[in-house]
Amino acid sequence: MEKLKIRNRLAKDKAMLWTVCFFAALTAVPLFAILGEVFLRGYDQFSWSFFTEPTPTAYKAMKAIEAGKPIPGGIANGIVGTMLMLGMAAVVAIPIGILCGAFLAENPKNRFVQTVSYLTDLLQGTPSVIIGIVVYIWVVVPMKGYSAVAGSVALFIMMLPLIIRSTEETLKILPASLKEAGLALGGNRARVMLKVQLPAAFGGIFTGVLLAISRVIGETAPLMFTALGCSFIRFAIDKPISAVPLLIWEFFNDPNLQELIWGASLFLLLFVLTLNLTAKYLAKKWNQ
Amino acid sequence: MNDKLYKILLFVAALIVPIVCGGVLYALVTDAYEAFEYFGFFNFLTSSEWSYTEGAEHYGALPFITGTLMTTLLALVFCIPFSLPVALFVGEYFKGSKVASVLSTVTDLLAGIPSIIYGLWGFYTLRPLIMALNISPQGSGILTASLVLAIMIVPYAASLSAEFIKMVPNDLKEGAYSLGATRAEVIRKVVFPVAGSGIFSSYILAIGRALGETMTVTMLIGNTNNVPDSITSTGNSMASIIANQFGEADDLRLSSLIAIGLILFLITAFINMIGKIMIKRARIA
Amino acid sequence: MESVTPILEFNKTCVSYTKQTMAVKYVSAAIDRNTITAIMGPSGCGKSTLLRAVNLMHNLYPNIRVDGEILLNGENILSMEPIDVRHRVGMVFQRPAPFPTMSIYDNVLSGYALNGIRLSKTEKDETVERCLKNVALWDEVKDVLNKKGTFLSGGQQQRLCIARALAMKPDILLMDEPTSALDPIATAHIEKLMLELQKEVTILIVTHNMGQAMRISSKSMFMYLGELVEYGDTATMFSNPSDERTKAYLTGQMG
């Protein structure tokens, strides 16, 4: 039938399919380009001392470069700082986030619940650099100095909405019968939440926490104004401290230390992507 | 623990969200006040001068507002030709298949890469390329930053759009096929119109992410403080000027930077709110 | 003397979802022009699957296979281009689904829009009026043609979907339980409509409602577990079924 222009239309249909496939496949290019570049330039920096020694001073690095030797030292100060701040942030954010998520899931939609829900979205969407400014005003100025505490407050604020949302969503998709059965057996609401709902929701919440950690672990901007950075390994929480992304930023800006960029980036990238994939894998497993 | 105590505990925990948000706004407003008072609110927004010579200090946000808008919109333009095909691939053509989940994993991983690493890649790979292609002599600038920003927001726009494309009822698609339409025609005349508002809102949320993106832009935009006159020129975004100068600023400059932070916060909050409202509407419809 | 080619003929038609399970097994039957033929059977008997195969709906789902022949005016549609087949075979689905982004007017013309066929303004107006009159919807909607199709009631939406299919002037109209989502009054409306329409188009309808089959169809098929058990005059089948399984179904002893 001529008026249907079948051939023409089928050609267009095919063209569309191939265009979609082509551009969709192109999207994978940056991922592999980035992974490839960071891996190829960074893997030979991995050594025992890279993970156990702190960053060298610019002077030491310069000396090493002049002598034609590899830069001594590593990123241990950053790893310690990241772990310390992340640990402090997580210890506070996880329980509060879960309680708050439970609040949103358990209560009917009144005005307060909706406000909290909306503000959670607001917090999640707030650019991290602004969280940095605010924590600077809240913590750094009153404490008269940059500190690990300030850095962890910033990470806490960024983790909180993510944990709240994942808890809320997981609790909401649990079958209502679960809660009802618990209540029917005579448990009070707190007990049912603790013994029935939260264990059932554990998978989803755990995944959410992993994703929240992977999201904030690479954050640089908010730590620049709060933790500042530090060139040696330190466990004090009231003093400036380093973090892996902060080190990358330092290396980026210091010509003497540029050799270390790729090792540090590879470490960060592997850490983040492993957490990410683990979370996705667990989510899939628990969903079945 | 009795029910009452439990309820109170949850309520107290939930209070922390409004407290933090209120605190954010309060801190920004009080510390930005000095700059607004000194220059006048409207003047601060429209002045394009940013000079910290002592005695003749003058700070205006216009270069950075322009820089942010330019990078964001350009990133959006670059992002659409990739995110839309990804969304169609995952949500329509290969819905539920193994290749679709592979592509989803790829975009998820793209979303997981920290912004500082995007910045490095942009700086060491894309920037030399831009120089080699003679697009701009210094390599960094609005265009370079936008290109990397586009890659960063593709996953968000794509996964959300795919969700809406998936939700287009099968009844409608079969109805269209039964009338003789090809798949391309079904997508253009049924899937897009039906999923349109959802797809649109996912781009609004992608804009919300691009607005506040800091490290990538800071590393690639060239860090100059005048209003950019073309897409290849250098500039600064609101987030990047803060990242660049916050550490060394005090007094009036610090307050001006915080004022820029406040403006950025309000713009982002506004865009995100619109996006969320639209998404909710699109989900109900 | 009555050897006119049947408009539609199934010839050992098989439909399978997986290699092991066949949803439709070796169905052979000829459908006469300008008749209403009902396909009945318990749920899962393959009646919808068979109907959908006539519109090549299985082409949308890569794992479904159709074997044998389905002849439309003597031509095997399984080797024809789906666009062409669907242009000649209209389909109405179980749930009314007018395109929600199109007006009533555009919904009627959606087949033309989807196929990229341009009509002049007068052709459009004529088609819309003719088709909506055909489905007895014209008087109800002629003043709100620019409203979205989803504003209509369920029964009206289904009639709109029939109008949409009729607009393409198909040889055959397939109806897949078209009234199962509707109330009795809307159902009665559509049944009356079908009796009118059979002057212009051959109707093949899947129904689980025996009363409906009896009221509207001249011929009936009874399918069970993918097989065509019995095919013949509706009246004969209902009064004197030749197969035990048909009898069990018609007397309500089977789901």
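Along its sequence, chain A reads α-α-α-α-α-α-α-α-α-α-α-α-α. Counted up, its secondary structure is 13 helices and zero strands, where helices (H or I, at least four residues) and strands (E, at least two) are DSSP runs numbered from the N terminus. The model is predicted: local features need pLDDT of at least 70 and side-chain atom pairs count only at pLDDT 80 or more, while totals for chains, interfaces and linings use all residues. Residues are numbered from 1 along each chain as its sequence is written, and chains are lettered from A and ligands numbered from 1 in the order in which they are written.

The C-alpha atoms of chain A occupy a box of roughly 70 × 70 × 35 Å along the principal axes. Chain A has a radius of gyration of 24 Å, whereas a compact globule of 288 residues would come near 19 Å; the radius is taken over C-alpha atoms, and the globule rule is 2.2 Å times the number of residues to the power 0.38. Of the 288 residues in chain A, 50% are buried, that is, with 20 or more other C-beta atoms, placed from the backbone, within 10 Å of their own. Among contacts in chain A between residues at least 6 apart in sequence, 74% link residues at least 24 apart; a contact requires C-beta atoms, placed from the backbone, within 7 Å.

Chain A also touches other chains. In the interface with chain B, 65 residues of chain A are in contact with 64 residues of chain B. Helix α1 (residues 3-39) of chain B gives the most to its side, with 17 residues. That side of chain B divides into 46 nonpolar, 13 polar and five charged residues. Here Ala, Val, Leu, Ile, Met, Phe, Trp, Tyr, Cys and Pro count as nonpolar, Asp, Glu, Lys and Arg as charged, and the others, Gly among them, as polar. The contact between chains C and A takes seven residues from chain C and six residues from chain A. On the chain C side there are two nonpolar, three polar and two charged residues.

Within chain B, helix α4 (residues 98-112) and helix α6 (residues 142-167) pack at about 130°, with their axes 8 Å apart. Axes are lines fitted to C-alpha atoms, for helices over the stretch in contact, and angles run from 0 to 180 degrees between N-to-C directions. The angle makes α4(B) oblique to α6(B), because angles under 35 degrees count as roughly parallel, over 145 as roughly antiparallel, 65 to 115 as roughly perpendicular and the rest as oblique. From α4(B), Thr107(B), Asp108(B), Leu110(B) and Ala111(B) meet residues of α6(B) including Ile151(B), Val154(B) and Tyr156(B). By class, this contact has seven nonpolar, two polar and one charged residues.

Note on methods. Contact = placed C-beta atoms within 7 Å. Buried ≥ 20, exposed ≤ 12 C-beta atoms within 10 Å, placed from the backbone.
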